[in-house]
Amino acid sequence: MEVNYFLEIKKKFIFFVGKKTDMANYLMNHVTASVIVFDLARTNDTGVHAPCVSLAENILDNSVINYKYNTEAVEFLHVPKVIFLAN
């Protein structure tokens with residue numbers, strides 16, 4: 001079972017894990033975040049971390065596209081730092 005959760009701390013940090021489309025859709029309203037943290041769970045399933053890595057690369061290139069409802073670009077005010085947590 002895949003768990004999707006989002007947590008904001010003072011609108012500066014965003015912690016999340018989940019489907020790429022859900023994460024990109026969430027970022028549409030949070031373009032002022034200065035740090036985005038991906039929490040990677042320990043798993044043996046193949047392809048689980050790929051959406052997070054792919055979205056992180058898009059964030060750093062400032063080329064995130066939200067395909068969830070209406071296709072539109074996510075334009076950050078400043079490109080945020082990206083951090084990965086893994087145990």
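Here is a short tour of one chain, with a look at two of its residues.

The model is predicted, so to speak of local features a pLDDT of at least 70 is needed, side-chain atom pairs count only at pLDDT 80 or more, and totals for chains, interfaces and linings use all residues. Residues are numbered from 1 along each chain as its sequence is written, and side-chain values use heavy atoms, with hydrogens and water left out.

**The whole chain**

The chain has 2 helices and 6 strands, in the order β-β-α-β-α-β-β-β from the N terminus. Here helices (H or I, at least four residues) and strands (E, at least two) are DSSP runs, numbered from the N terminus. Of its 87 residues, 31% are buried, where buried is under 20% relative accessible area, exposed is over 50% and partly exposed is in between (1.4 Å probe, protein chains only). Carbon and sulfur atoms hold 54% of the accessible surface, which is about 5,800 Å² (Shrake-Rupley method, 1.4 Å probe; for residues, only the protein chains shown count as cover).

**Two residues to look up**

Which residues does Thr-21 touch, leaving aside its neighbours within four places in sequence? They are Asn-66 and Lys-68, with contact meaning heavy atoms within 4.5 Å. Thr-21 and Lys-68 are 47 residues apart in sequence, yet their C-alpha atoms are 5.6 Å apart in space.

Now for Asn-62: this residue isn't a glycine, but its phi is positive, at about 55°.
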